[in-house]
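Please read these points with the model open beside you. They go through selected contacts, strands and rings in turn.

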Amino acid sequence: MNGECLNFENPIGDALSRVQFAPQSNNLLVSSWDSKLRLYDVDSSLLRLEAPAPSQAALLDCCFQTESVAFTAASDGSIIRYDLHSGTNDAIGNHQDIAACVGYSIETCQVISAGLDKKVMSWDVRLANPLTLFRNLDAEIESISVSGFDLMVAVGAAVNIYDLRNFERAVDLKESCMDVGIRCVASTSYTRGYAIGSIDGRVAVEISNPLNLNSIRYTFRCHPKTKDGKAHLVSVNDIAFNPLISGTFVTGDNEGYVTAWDAQSKRKLNEFPRYPNSVASLSYNHVGQLLAVASSYTYQEANETEVPPQIFIQKMDGSDIGYSPKVSRDSSRKIAQIDKSVALHTIYLYFLYRYFVCFVIATLLSIAAMSDEEQHFESKADAGASKTYPQQAGTIRKNGYIVIKNRPCKVVEVSTSKTGKHGHAKCHFVAIDIFNGKKLEDIVPSSHNCDVPHVTRTDYQLIDISEDGFVSLLTENGNTKDDLRLPTDESLLSQIKDGFGEGKDLVVTVMSSMGEEQICALKDVGPK
């Protein structure tokens with residue numbers, strides 16, 4: 001069963017962007033591309049609010065501040081505050097481009113937003129001038145997640161972690177071990193940790209252990225099986241952690257599958273029957289017993305089936321969260337006998353205790369061998385050994401990488417077109433060779449896989465330049481690297497020679513891909 005489908009008297013008119021349960025109730029906030037924010041009372045099966053955006057812009061994200069106040073991020077760049085009782089709204093500020101993400105920190109009373117203007121902004125809505133800080137990351141921001149004082153920002157294939165009490169700089173920069181674009185990031189509520197979903201169907205988990213034992217850090221594929229001998233590549237669109245059962249989370253992908261996982265034991269707990277459309281968003285309620293699933297097309301593929309968007313409410317029993325159903329029934333009977341607030345506190349302590357006990361046992365004993373159907377989990381050291389990896393053509397975006405005519409290239413333009421009624425959608429790529437700057441083009445069906453190069457950048461200190469144009473570089477382990485020539489780019493070549501001749505301490509960035517290396521950038525550290 002896919003759970004109960006919510007009934008809307010006026011159907012949602014366009015793609016769903018976000019669903020989110022309220023902090024202390026089963027009211028569900030829904031944002032969509034039809035420019036309307038909705039509030040649905042799941043307990044009463046009643047639509048409480050349907051509020052249009054002021055400018056009729058598409059709403060791309062939403063979040064709660066309190067039970068009665070919410071915020072949205074809109075395609076016209078505006079960050080909008082809604083009074084959920086009266087339905088009134090006002091714009092607290094704007095991005096210079098599409099506002100794609102919004103979140104709220106209860107601890108700091110800050111609204112955090114991110115947009116295609118490559119900025120992360122912090123708003124204090126208690127002030128007359130709400131904008132307090134912003135950071136320009138010089139890269140497209142795919143997703144954000146707020147938990148306590150921590151802000152996780154997915155940029156390219158990396159996660160930047162900020163402490164909202166000191167937003168001036170990132171406290172941690174995490175390069176993911178997947179070397180592909182991140183689609184979503186979700187943070188845990190019980191400790192510092194997060195999970196990220198990639199556009200090629202992988203999930204990376206990193207959680208600091210509350211008992212200060214071994215931290216959790218690994219990656220796995222949600223769908224390890226292959227189709228026609230090729231890797232099954234499906235974008236992971238959203239991830240949601242259970243708020244009470246530490247280490248359990250669900251993933252939702254672009255083919256409509258929702259899967260429950262246990263981060264500690266590295267096991268699949270359950271895979272729900274396929275939903276009618278892509279899974280656009282997931283949200284647990286505050287006690288982790290209900291899961292909202294937004295089933296909707298996501299505008300990621302040119303040939304998506306535009307089935308009308310639907311929202312399903314899935315009741316999470318014991319098999320879904322890794323505990324016995326008998327515990328849930330016993331807990332429910334006890335909850336009915338005591339005050340609601342005390343019940344929630346009791347449930348929290350009970351499951352927290354269960355988690356600690358299970359964790360200690362799992363740590364002392366070796367984890368049982370996984371069945372044939374379970375995923376292969378790999379550490380960061382295991383990943384990225386080959387020169388390329390497969391990626392579905394329809395998921396490759398501008399500024400991404402692709403292999404054309406056996407050359408590593410950066411995509412500068414991508415367009416999608418259909419060949420006919422029964423034909424496949426095709427992607428036309430225009431790309432630049434990252435080493436020689438030549439323009440290359442290719443046309444690939446959007447459902448087919450392309451080779452994508454692993455591209456890395458490493459900084460070295462420049463020690464010497466030989467007469468024949470070779471450079472001597474100092475590596476991290478104290479050895480020298482003497483096999484690279486000076487770059488052919490005239491401007492960069494001049495900067496390196498001039499800086500070296502002036503006796504400056506120079507650091508060069510070396511780009512590596514598919515067995516080739518080249519100096520691509522220079523950092524002037526200062527005089528020696």
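1. A charge is said to sit over a ring if NZ of Lys or CZ of Arg is within 6 Å of the ring centre and within 35 degrees of the ring normal. By that test Arg165 lies over the face of Phe149, at 3.9 Å from the ring centre.

2. On the basis of the numbers: this is a predicted model, in which local features need pLDDT of at least 70 and side-chain atom pairs count only at pLDDT 80 or more, while totals for chains, interfaces and linings use all residues. Residues are numbered from 1 along each chain as its sequence is written, and side-chain values use heavy atoms, with hydrogens and water left out.

3. Asp14 is in the loop between β1 (4-5) and β2 (16-21); strands (E, at least two residues) are DSSP runs numbered from the N terminus. Asp14 counts as buried because its relative accessibility is 17%, where buried means under 20% relative accessible area, exposed over 50% and partly exposed in between (1.4 Å probe, protein chains only). Leaving aside residues up to four places away in sequence, Asp14 touches Ser32, Trp33, Asp34, Tyr297, Tyr299 and Pro309; contact means heavy atoms within 4.5 Å. Between Asp14 and Thr298 the C-alpha distance is 9.8 Å, although they are 284 residues apart in sequence.

4. The side chains of Asp14 and Tyr297 make a polar contact of 3.1 Å. Such a contact is a pair of N or O atoms within 3.5 Å; within protein, one must be able to donate a hydrogen and the other to accept it, and residues adjacent in sequence count only if both atoms are side-chain atoms. Another polar contact, of 2.9 Å, joins the side chains of Asp505 and Gln461. Asp505 belongs to strand β41 (residues 504-513) and is buried, at 19% relative accessible area.

5. An open sheet has four strands in the order β1-β30-β29-β28, with antiparallel pairing. β1 and β28 (279-284) are at the edges with a single partner strand each, so one side of each has no neighbour in the sheet. Two strands pair if DSSP finds at least two bridges between them; β29 (residues 290-295) and β30 (residues 310-315) have six. Ala294 has Ile311 as its bridge partner in β30.

6. How many residues of strand β25 (residues 248-253) are buried? The count is six of six. Thr248, Val250 and Gly252 point one way, and Phe249, Thr251 and Asp253 point the other way.

7. β25 pairs antiparallel with β24 (residues 236-241) over five bridges, and Asp238 stands opposite Gly252. The hairpin of β24 and β25 has six residues between the strands, and Gly247 in the turn has a positive phi of about 90°. β25 also runs antiparallel to β26 (residues 258-262), again with five bridges. The hairpin of β25 and β26 has four residues between the strands, with Gly256 in the turn at a positive phi of about 95°.

8. The structure holds six aromatic pairs. Rings of Phe, Tyr and Trp (its six-membered ring) pair if their centres lie within 6.5 Å; planes under 30 degrees apart count as stacked, over 60 as edge-to-face and the rest as tilted. Tyr218 and Phe220 form a tilted pair, at 6.2 Å and 35°. Phe241 and Phe249 form a tilted pair too, at 5.3 Å and 45°, and both residues are buried.

9. A search of the whole structure finds zero disulfides, a disulfide being a pair of cysteine sulfur atoms within 2.5 Å. Cys101 is buried at 6% relative accessible area, and Cys520 is partly exposed at 29%.
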